[in-house]
Amino acid sequence: MNKIVTGIVFGAVLGFLDGATAWFTPEVRPVIGGILVGSSIKGLLVGLLSGWFARKVNSMKWGIVFASVVGLLFAFGIALMQGNHYLEILLPGFVTGAIIGFLTQRAGAPSKQTV
Amino acid sequence: MELSDSVLQHLRAVVDLPDFGGTRYELEGEIGRGGLGAVYAAFDRQLQRRVAIKVLDGEEEARVIAGLEHPAIVPIYDAGTLPDGRAYYAMKLVSGERLDRYPRGDVPLSERLRLVERVGEAVAFAHTRGVLHRDLKPQNVMVGSFGEVYVMDWGVEGVAGTPQFRAPEQASGAAALDHRADVYALGALLRFVLPADPPRMLRAIAAKAMEPNPADRYGDVPALLRDLQRFQNGQAVEACPDSRWQRTRRFAVRNQVLLLLLAAFVAVKFFLFFVRRL
């Protein structure tokens, strides 16, 4: 499995788990389906970009920093669309991004070199 | 006429030197002596380079080494017969130190293990060619000036080995030795290069390699090398299985960044959960 696919898989799974925790907030339970889909897509996109970055840069530190910033930016976009729950969206988005960054650096085969 | 002591000593040394007349080599002097013969430094007039020449009674050793082309096995350049009928072979002259004279005081553990690994790789390679070393010991390992490692004095049938590095079955003169005799010697070599107070797992690896019963040792040299690699990767080694607590601790150390990030994720979720209730 290459790093981009690794990023997409881990990103989607972590995004789904992140969204699933919204179930503990009773006021958003009616729209939990939309949150799950949105959060999974957000994670998937962060994973895609992190996987692409991991193919270019082999550095755990910069992989985590890059994915954290991307996760934060996507979370900020979603929070802007929501218009509220900034903290609940931004903080987990940031940490989820960091985890995805770690996983894309640690796992997944680097791109094949051609001569 | 009286001869001084130094002249006598010189004459004695010259008499002992083999005659390389009729060969392309110009003898420089003796540089070592093993159970199977002496090694001399010489100058190859044809190729204009210095070489090491081993003079011995049979040609078997030269044939054995010539069949082993490996970065950690000294390459053979030439072989022949001296005017006195003894066989010789010329090989690369390695500049460096024998492992038993190699200064190990300040050498880090990772470097010590690298030396053993290089030796092990050469021995494992020889085993795949059906060759046993039979006399693996620090005196037969050269460490070059750039850290390169060479295993020398490849044994031939009938070599008795060296007590401290010799497997019990070899000491008892067992007719059919197998590669596990070299596993024993490699374990002894590992124990030799380890610092005074080595990590428990490395002691266990050496002890497993040196089990008196060959069946209790590592099955082959690569199995021993894999255990050394596991140790260096911070993993449990076959020679010393971990308890559940040690396994957990090792996993946590190996994955501390991931565990910290997951803990941060859980902490953030709990924080947000309680903040909402304020």
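Analyst: Let's begin with a word for angles: under 35 degrees counts as roughly parallel, over 145 as roughly antiparallel, 65 to 115 as roughly perpendicular, and the rest as oblique. The model is predicted, with local features needing pLDDT of at least 70 and side-chain atom pairs counted only at pLDDT 80 or more, while totals for chains, interfaces and linings use all residues. Residues are numbered from 1 along each chain as its sequence is written, and chains are lettered from A and ligands numbered from 1 in the order in which they are written.

User: What makes H3(B) and H5(B) antiparallel or parallel to each other?

Analyst: They pack at an angle of about 165 degrees, with axes 9 Å apart. Axes here are lines fitted to C-alpha atoms, for helices over the stretch in contact, and angles run from 0 to 180 degrees between N-to-C directions. Helices themselves are DSSP runs (H or I, at least four residues), strands are E runs of at least two, and both are numbered from the N terminus. The angle is over the cut-off of 145, so H3(B) and H5(B) are roughly antiparallel.

User: Which residues make that contact?

Analyst: On H3(B), they include B:Arg112, B:Val116 and B:Val119, and on H5(B) they include B:Asp182, B:Leu186 and B:Leu189. Contact means that the C-beta atoms of two residues, placed from the backbone, lie within 7 Å.

User: Which hand does the crossing of H3(B) past H5(B) have?

Analyst: H3(B) passes H5(B) in a right-handed crossing. That word is used if the near helix is turned clockwise from the far one by less than a right angle, and left-handed if anticlockwise.

User: How do you know how H1(A) runs relative to H2(A)?

Analyst: The axes of helix H1 (residues 3-20) and helix H2 (residues 32-56) of chain A come within 6 Å and cross at roughly 150 degrees. That angle makes H1(A) roughly antiparallel to H2(A). H1(A) passes H2(A) in a right-handed crossing.

User: Why is B:Leu113 called buried?

Analyst: A residue is buried if 20 or more other C-beta atoms lie within 10 Å of its own, exposed if 12 or fewer, and partly exposed in between, with C-beta atoms placed from the backbone. B:Leu113 has 21 such atoms, so the label is buried. B:Leu113 lies in helix H3 (residues 109-128) of chain B. Leaving aside neighbours within four places in sequence, B:Leu113 is in contact with B:Leu228 and B:Gln232.

User: What stands out about the phi of B:Arg134?

Analyst: Phi of B:Arg134 is positive, at about 75 degrees, although this residue is not a glycine. B:Arg134 lies in the loop between H3 and strand S7 (141-144) of chain B, and is buried, with 21 other C-beta atoms within 10 Å. B:Asp153, likewise not a glycine, has a positive phi near 55 degrees. B:Asp153 is in the loop between strand S8 (149-151) and helix H4 (168-171) of chain B, and 24 other C-beta atoms within 10 Å make it buried.

User: What is meant by the largest nonpolar core?

Analyst: A nonpolar core is a set of buried Ala, Val, Leu, Ile, Met, Phe, Trp, Tyr and Cys residues joined through C-beta atoms within 7 Å. The largest one has 63 residues, and among those touching the most other members are B:Val119, B:Leu186 and B:Ile205. Helix H5 (residues 180-193) of chain B gives the most to this core, 9 residues.

User: Where does this core lie?

Analyst: Domain 1 (7-92) and domain 2 (96-241) of chain B both give residues to the core, so it lies between them. Those bounds come from an automatic or database domain assignment. Apart from this core lies another of 24 residues, including A:Val46 and A:Leu103.

User: How many helices and strands does each chain have?

Analyst: Chain A has 4 helices and 0 strands, and chain B has 9 helices and 8 strands. Buried residues make up 46% of the 115 residues in chain A and 33% of the 278 in chain B.
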